[in-house]
Amino acid sequence: MERTEYEVMAAVESRHWWYGGMRAIAAALLDEVYAGRRDLRILDAGCGTGGNVVFLRRYGSVAAVDLAPEAALFGAERLRGALVRASVLALPFVDEWFDLVTSFEVLYHRDVPDETVALRETWRVLRPGGRLLLRLPAFEWLRGRHDCAVHGRRRYTANEVRELLQPQGFEVERISYVNTLLLPLPLTQRFIERVAPAIDRNGSDLQLPPAMLNEALRWPLAAEAAWIARGGSFPVGLSVICRARRV
């Protein structure tokens, strides 16, 4: 990503509505199989500035990898003792070590030109029966300026995610689109970007909104997390999330 995106991420990811909502949805999928567990060996593959590492520690011990030097620079406090600078294409861990690998908005980056290599590495470091929690941006027609800022290479449908995982030895247990209830907001933003490309938008999409708006935007994602926890799914959304098991 651009250096400025790392700076913004480090500053806001503990308070921003989007990060909090996405973690609530991730927790809904993890609690379904790991509720009460505190002994898991976990790898966050592509950890950014470390907010998800803090979240994942509720389930066990967490190792983290990221190739960008900005991850260590801006996430030093969160990632102390956990970070290894490495690529998800060549994970520096022994075979069958982890119970859970997470990958949040990583495989679509330009630095991952072939997702299958990263998924083979994930399969290798997972123990038999271990799980991958994968989240990716959804639908190419939702591509916008933010994808350029974070060096996004492509976006995915749920079927494309299945087609990536199953040949690599993963069984898809749960899959759904998420960030659905707020979808009109990014749709409007993408429309403006297309019809008025000359308009210069200052700042990152991840900038923290005013406190009251930030709190209001949490509620739709909290509702989605509750629906996911009840076994529900969504037919469309800004992201696609999948929990898969190494068979």
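Which residues does Ala 27 touch, not counting residues up to four places away in sequence? Ala 27 touches Phe 55, Arg 58 and Tyr 59, where contact means heavy atoms within 4.5 Å. This alanine lies in helix H2; helices (H or I, at least four residues) and strands (E, at least two) are DSSP runs, numbered from the N terminus. At 8% relative accessibility, Ala 27 counts as buried, a word used for residues under 20% relative accessible area, with exposed meaning over 50% and partly exposed in between (1.4 Å probe, protein chains only). Trp 97 sits 70 residues away from Ala 27 along the chain, and their C-alpha atoms are separated by 22 Å.

A word on the model itself. It is a predicted one, in which local features need pLDDT of at least 70 and side-chain atom pairs count only at pLDDT 80 or more, while totals for chains, interfaces and linings use all residues. Residues are numbered from 1 along each chain as its sequence is written, and side-chain values use heavy atoms, with hydrogens and water left out.

Now for the sheet. Its 7 strands form an open sheet in the order E3-E2-E1-E4-E5-E7-E6, and the pairing is mixed; two strands pair if DSSP finds at least two bridges between them. Strand E3 (83-85) and strand E6 (170-178) stand at the edges with a single partner strand each, so one side of each has no neighbour in the sheet. On average, neighbouring strands are turned by 15 degrees against each other, direction ignored. Helix H6 (residues 115-125) packs on this sheet and touches E1, strand E4 (98-104), strand E5 (126-137), E6 and strand E7 (239-246). The direction of H6 makes about 145 degrees with that of E5; axes here are lines fitted to C-alpha atoms, for helices over the stretch in contact, and angles run from 0 to 180 degrees between N-to-C directions.

Going strand by strand, E1 (residues 40-45) and E2 (residues 60-66) pair in the parallel sense over 6 bridges. Arg 41 stands opposite Ser 61 in E2, and Ala 45 has Val 65 as its bridge partner in E2. E1 and E4 also run parallel, joined by 3 bridges, with Ile 42 opposite Leu 100 in E4. Another 6 bridges join E4 to E5, again running parallel, and Phe 98 has Leu 126 of E5 as its bridge partner. How many residues of E4 are buried? The count is 7 of the 7, so E4 is largely enclosed by the rest of the structure. For E1, 5 of the 6 residues are buried, so that strand is largely enclosed too.

Next come the helices. Helix H10 (residues 211-229) has 19 residues and reaches 27 Å from its first C-alpha to its last, close to the 27 Å expected at 1.5 Å a residue; the expected span is 1.5 Å times one less than the number of residues. Its buried residues are Asn 214, Leu 217, Pro 220, Leu 221, Glu 224, Ala 225 and Ile 228, and they pack against helix H2 (17-34), E6 and helix H9 (184-195). Gly 231 follows H10 and has a positive phi, near 95 degrees.

Two packed helices are described by the angle between their axes and the distance between the axes. The axes of H2 and H10 come within 8 Å and cross at roughly 10 degrees. H2 and H10 are therefore roughly parallel to each other, given that angles under 35 degrees count as roughly parallel, over 145 as roughly antiparallel, 65 to 115 as roughly perpendicular and the rest as oblique. On the H2 side, the residues that meet H10 include Trp 17, Trp 18, Met 22 and Ile 25; on the H10 side, Leu 217, Arg 218 and Ala 229 are among them. The residues of this contact divide into 12 nonpolar, 3 polar and 2 charged (Ala, Val, Leu, Ile, Met, Phe, Trp, Tyr, Cys and Pro count as nonpolar, Asp, Glu, Lys and Arg as charged, and the others, Gly among them, as polar).

Helix H1 (residues 3-12) has Glu 5, Tyr 6, Val 8, Met 9, Ala 10 and Val 12 as its buried residues. What covers them includes H2, E2, helix H4 (69-74), helix H5 (76-79) and helix H7 (145-149).

Finally, Val 161 is found in helix H8 (residues 158-165) and is buried, with a relative accessible area of 2%. Leaving aside neighbours within four places in sequence, Val 161 is in contact with Leu 134, Leu 136, Tyr 156, Ile 175, Val 240 and Cys 242.
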